[in-house]
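Please work through the following exercises on one structure, with its sequence and coordinates at hand. Each task is followed by a worked solution.

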Amino acid sequence: MTSYDPSEMRPEWLISSGVYVVTLQAEDRVNGYSAGWVTRISEVPVIVQVAVWERNYSYELAQDAQHFAVHILEDGQQGMARHFGQTSGRAMDKLSSYETRPGGSGTPILLDCLAHLECAIIFRRIFGDHTILVGEVIQSEIHRNGIPLIHNYADYHTPCQQMRSE
Ligand SMILES: Cc1cc2nc3c(=O)[nH]c(=O)nc-3n(C[C@H](O)[C@H](O)[C@H](O)COP(=O)(O)O)c2cc1C
């Protein structure tokens with residue numbers, strides 16, 4: 001199996017997605033990471049899926065967490081996405097830079113976003129180098145109107161990084 005270099009542009013990075021911040025709580029540990037791999041699975045009840053990379057601090061929390069919360073970012077919040085997506089909770093308390101309140105499960109809810117979905121985990125499984133968490137929404141809220149942030153590779157990587165096909 002070839003090793004994965006996240007700084008190298010790859011075809012699968014062109015699968016379109018939004019940009020989200022997922023927060024997790026496992027006992028006394030809390031964290032948030034930026035996520036592009038967020039999928040709706042069911043409408044009634046609302047069920048969503050996230051995928052957590054094994055190199056992330058969040059992966060450790062994802063093994064024990066009972067809940068997670070998905071925050072939908074607004075176009076223009078690329079800085080917030082970089083904050084949660086290019087630093088690790090191993091090195092700093094990322095959540096302390098943003099206003100939060102505890103959700104019904106105690107999971108931190110970020111207030112500066114378009115909307116959030118707080119979920120109870122109903123399925124957890126490792127696929128390859130990611131753990132999949134499937135969660136049924138227990139609380140959700142629209143915080144403000146706006147256009148959701150869409151993932152653009154160039155927002156998170158410098159242009160000098162080479163395309164693999166070049
Ligand atoms: C736009 C964007 C989308 C990302 N999507 C995911 C994702 O879906 N799953 C994941 O595990 N990491 C994803 N990442 C990477 C993590 O956010 C990143 O590795 C982060 O530093 C992990 O933080 P942690 O170590 O505190 O968990 C994404 C990063 C960015 C910038």
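The exercises below treat the ligand shell, the nonpolar core, the helices, the strand pairing and some single residues.

The model is predicted: local features need pLDDT of at least 70, side-chain atom pairs count only at pLDDT 80 or more, and totals for chains, interfaces and linings use all residues. Residue numbers start from 1 along each chain as its sequence is written. Helices (H or I, at least four residues) and strands (E, at least two) are DSSP runs, numbered from the N terminus.

**Exercise 1. Describe the shell around the ligand by number, class and element.**

Step 1. The ligand is surrounded by 23 residues, and Trp53, Ser58, Gly85, Ser88 and Gly89 are the closest.

Step 2. Assign the shell to elements. At least two residues each come from strand S2 (29-35), strand S4 (47-53), helix H1 (57-64) and helix H2 (78-85). The most, four residues, come from S2.

**Exercise 2. Identify the members of the largest nonpolar core that touch the most other members, and the elements that supply the core.**

Step 1. A nonpolar core is a set of buried Ala, Val, Leu, Ile, Met, Phe, Trp, Tyr and Cys residues joined through C-beta atoms within 7 Å. A residue is buried if 20 or more other C-beta atoms lie within 10 Å of its own, exposed if 12 or fewer, and partly exposed in between, with C-beta atoms placed from the backbone.

Step 2. The largest core has 29 residues, of which Tyr20, Val21, Val22, Phe68, Val70 and Leu73 touch the most other members. Two or more residues each are given to this core by strand S1 (20-26), S2, S4, H1, strand S5 (67-72), H2, strand S7 (108-110) and S8.

Step 3. Take Val22 as a case. Two residues are in contact if their C-beta atoms, placed from the backbone, lie within 7 Å. With residues up to four places away in sequence set aside, Val22 touches Gly32, Tyr33, Ala35, Val50, Phe68, Ala69 and Val70.

**Exercise 3. Determine which residues of H1 and H2 are buried, and how they are arranged about each axis.**

Step 1. In H2 the buried residues are Met80, Ala81, Phe84 and Gly85. Seen down the axis, they fall within an arc of 120 degrees (taken from the directions from the helix axis to the C-beta atoms), so they line one face of H2. These buried residues pack against S1 and S2.

Step 2. In H1, Ser58, Leu61 and Ala62 are buried. Their arc about the axis is only 105 degrees, which puts them on the same side of H1. Their packing partners are S1, S2, S4 and S9.

Step 3. Now consider S2, against which the buried residues of H2 pack. Six of the seven residues of S2 are buried, so this strand is largely enclosed by the rest of the structure.

**Exercise 4. Trace the antiparallel pairing of S1 with S2, S8 with S9 and S4 with S9.**

Step 1. Two strands pair if DSSP finds at least two bridges between them. S1 and S2 run antiparallel and are joined by seven bridges, and Tyr20 stands opposite Ala35 in S2.

Step 2. Strand S8 (residues 115-127) pairs with S9 in the antiparallel sense over twelve bridges. Phe127 faces His130 of S9. The hairpin of S8 and S9 has two residues between the strands, and Gly128 there takes a positive phi near 55 degrees.

Step 3. S4 is joined by seven bridges to strand S9 (residues 130-142), and the two run antiparallel. Ile47 has Glu136 as its bridge partner in S9.

**Exercise 5. Characterise Glu27, Pro45 and Glu141.**

Step 1. Glu27 is in the loop between S1 and S2. Although not a glycine, Glu27 has a positive phi of about 50 degrees. Glu27 counts as exposed, with 9 C-beta neighbours inside 10 Å.

Step 2. Pro45 is in the loop between strand S3 (38-42) and S4. The peptide bond joining Val44 and Pro45 is cis, with omega about -5 degrees.

Step 3. Glu141 belongs to strand S9 and is exposed, with 12 other C-beta atoms within 10 Å. Beyond its neighbours within four places in sequence, Glu141 is in contact with Ala115 and His116. Glu141 and His116 are 25 residues apart along the chain, while their C-alpha atoms are separated by 5.6 Å.

Methods:
Near = placed C-beta within 6 Å.
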